[in-house]
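The following paragraphs lead through selected parts of a structure, one neighbourhood at a time. Please keep the sequence and the coordinates open alongside the text.

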Amino acid sequence: MERIPFRKEELKVAGQTINLGRGAYPLFSTPISPRENYLMFLRGEEPLWMPLARDTLSVTPAIVKDNIARGFVFDMTGFDPNKDGGGPDMFGVEWEWVPQVRGSMVRPGNPKVPDITEWEDYIEFPDPDSWDWAASAEKNRALIEQKDLLLGATILNGLFERLISFVEMSEALVAMIDEDEQEAVHRLFDRLADFYPKIIRKYKEYYHIDILTFHDDWGSQRAPFFSLDTVREMLVPYLKRIVDAAHDLGIYFELHSCGKNEMLVPAMIEAGVDMWNGQPMNDKKMLVEKYGDKMIFGAYPITIDSSSTEEEVREACREFIDTFNSYRVYGGFASTMMAAPGVRESLYEFSRIAKCGRAE
Amino acid sequence: MSKLEEIASAVERGKAKLVPGLVEEALDEGIDPVEILNKGMIDAMSVVGEKFKNNEIFVPEMLVAARAMKKGVEVLKPSLGGDADVSIGKAVIGTVQGDLHDIGKNLVCLMVESAGFEVLDLGVDVPAERFVEAAQDPAVKIVGVSALLTTTMPAMKATVEALNAAPNRADFKVMVGGAPITQEFAEEIGADAYTADAATCASVAKKFVAG
């Protein structure tokens, strides 16, 4: 690919993205499409700019009941979480939409599975073959046919999160290390490792996705929920099967895992995860230096907020690109791109210049 | 290894099946039940708390240790002559109104209970009035208020304000915690203490009671 130098005209608006419920946003006059650029990056080639979270459209369609239960439907059906969020997920667990949080939770105190060792008595696995994927895809045809941006899909409630939803948090944590309960957790994760690929295959067949985001929070603000050894024993074998299923279909695998989970990165690598967009409390510089040849990391200028001036935004973005341009890093979290005006433009401009120079 | 050390080791390792038998053996050997509780279990939980703070162990290990201690206390209780003899005070703990998160609050309950308090767990989504009502009990020494969300921090403020207006406010300490909470915020809303994790919460609560 020719290293086309940056021209200021590239920041002219050339069109708009599809609105998946978070609003449409402008497309720049980029020399190649953001999707093309992102795919170069994912293949391990040098892109023309650092891919940004806004270079992906990530769909969570209403056909998957989890997305309705979590109030997290982002597709072209005009879903309103305040009206339709909450209710049963695809395993029949009841979620409660909390408007002021803009998210859903399972109200504690009445777990779907009272005893994890007997989960088979309470849980019936859904059958994605019985859902009308063709009708879902038809509603989202324009999204699927667009080729400007990378197309992704998100699976909410990964492995550990699914366990939490069944037995509640404290019980889920204990079950991960209690020798009397671990066997039941292995049985559950084994079934889930067979089940999730069925959904991934539907996303491939009907949505032609490029990337899958798998949502499984593994930590709190100060530390992981569990040790690296526990993750290796309880999660990696099953996560790897899910990752492998995605890779077999030519789909890249992004792990979304909130918390200070940097010490769990070796487990992510062992599972074959392509990229992790960790929260800012993780030391991204350390991570890219230590593991940057094995996995891609999401990072972003964390000093920017809504009170940042135009000058502060540009300086933060310049410094960010100086720090991370030489690593396999993408500009993560769409919300950061909206934190203050000009973030996306500045990141694009500085990374374009860093990678390809500036036109005379 | 002495019997007390064996109990402490089993509690630290979360061996809920072993602890009751060891406690029985210790009682049979004539060891003072209060010593079994303090040296064999509460001290062991302090070690667990320290290890948790230092990221040597994680939440599940802390939970199973607390569970093991609970099993031991069940065996010990008849020999202790009733709750009043062992409790160092009562702690009322809950998550504020509008917030359904319970893990942080549950961990605090476990660690505070393991530190020797009697705990009244108010649950999640607790209105300020409920905290105030529970704090009327003269045995209450600690009121713990939890919030996980930035959006429920105002509810924490309202709860602490309501507690601060209680006529018996001098009788208890208000402690706050949760992911978005900071020392500055705790001071701003008039709480007595902020702690970053459950283990620290338990040790600060103990210090408050010790005066």
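Predicted model: local features only at pLDDT ≥ 70, side-chain atom pairs only at ≥ 80, totals over all residues.

A:Val59 belongs to strand S3 of chain A, residues 56–59, which runs parallel to S7(A) and is joined to it by 4 bridges. Strand S8 of chain A, residues 211–215, is likewise parallel to S7(A) and is joined to it by 4 bridges; here A:Ile155 has A:Phe214 as its bridge partner. In general, the strands of a sheet are paired through hydrogen bonds of the backbone, in either the parallel or the antiparallel sense.

How many of the 6 residues of S7(A) are buried? The count is 6 of the 6 residues of the strand, which spans 150–155, and S7(A) is therefore largely enclosed by the rest of the structure. Side chains in a regular strand alternate between the two faces of the sheet. In S7(A), A:Leu150, A:Gly152 and A:Thr154 point one way, while A:Leu151, A:Ala153 and A:Ile155 point the other way, and the residues of both sets are all buried.

Most residues other than glycine have a negative phi. With a relative accessible area of 44%, A:His208 is partly exposed.

Another loop of chain A, between helix H14 (334–337) and helix H15 (343–356), holds A:Ala340. Is A:Ala340 buried or exposed? Its relative accessible area is 5%, and because the limit for a buried residue is under 20%, A:Ala340 counts as buried. Once residues up to four places away in sequence are set aside, A:Ala340 touches A:Ile304, A:Asp305, A:Ser308 and A:Val313. A:Val313 is 27 residues away from A:Ala340 in sequence, yet the C-alpha atoms of the two are 7.5 Å apart in space.

Chain B has an open sheet of 5 strands, arranged in the order S2-S1-S3-S4-S5 with parallel pairing. Its edges are formed by strand S2 (118–126) and strand S5 (193–194) of chain B, each of which pairs on one side only. Within this sheet, strand S3 (residues 140–146) and strand S4 (residues 173–177) of chain B pair in the parallel sense over 5 bridges, and B:Ile142 stands opposite B:Lys173 in S4(B). Helix H6 of chain B, residues 103–114, packs on the sheet and touches strand S1 (90–96), S2 and S3 of that chain, its direction making about 170° with that of S2(B). Helix H8 of chain B, residues 153–164, also packs on the sheet, where it touches S1, S3 and S4 of chain B, and its direction makes about 175° with that of S4(B).

Strand S1 of chain B contains B:Thr95, which counts as buried at 0% relative accessibility. Apart from neighbours within four places in sequence, the residues in contact with B:Thr95 include B:His101, B:Asp102, B:Lys105, B:Gly123, B:Val124 and B:Ser146. B:Thr95 and B:Leu148 are separated by 53 residues in sequence, while their C-alpha atoms are 8.3 Å apart in space.

Elsewhere in chain B, helix H3 (residues 33–53) packs with helix H10 (residues 198–210) at an angle of about 135°, the two axes being 8 Å apart, and this angle makes H3(B) oblique to H10(B). H3(B) contributes B:Ile42, B:Ser46, B:Gly49, B:Phe52 and B:Lys53 to the contact, and H10(B) contributes B:Ala199, B:Thr200 and B:Lys206. In the loop between H3 and helix H4 (59–80) of chain B lies B:Asn55, another residue that has a positive phi, about 60°, without being a glycine; with a relative accessible area of 25%, B:Asn55 is partly exposed.

It remains to bring the two chains together. The contact between them takes 25 residues from chain B and 26 residues from chain A, and the chains bury about 2,100 Å² between them, 62% of it on carbon and sulfur atoms. On the side of chain B, the residues that lose the most area to chain A are B:Phe58, B:Pro60 and B:Leu100, which together make up 29% of what that side buries.

Definitions and conventions:
Residues numbered from 1 in each chain as written. Chains lettered and ligands numbered in written order. Heavy atoms only, no water. Axes fitted to C-alpha atoms, helices over the stretch in contact; angles between N-to-C directions. Helix = DSSP H or I, 4+ residues; strand = E, 2+ residues; numbered from the N terminus. Parallel < 35°, antiparallel > 145°, perpendicular 65-115°, else oblique. Contact = heavy atoms within 4.5 Å. Buried < 20%, exposed > 50% of the residue type's maximum accessible area, 1.4 Å probe, protein only. Pairing = 2+ DSSP bridges. Buried area = accessible area lost by both parts, 1.4 Å probe.
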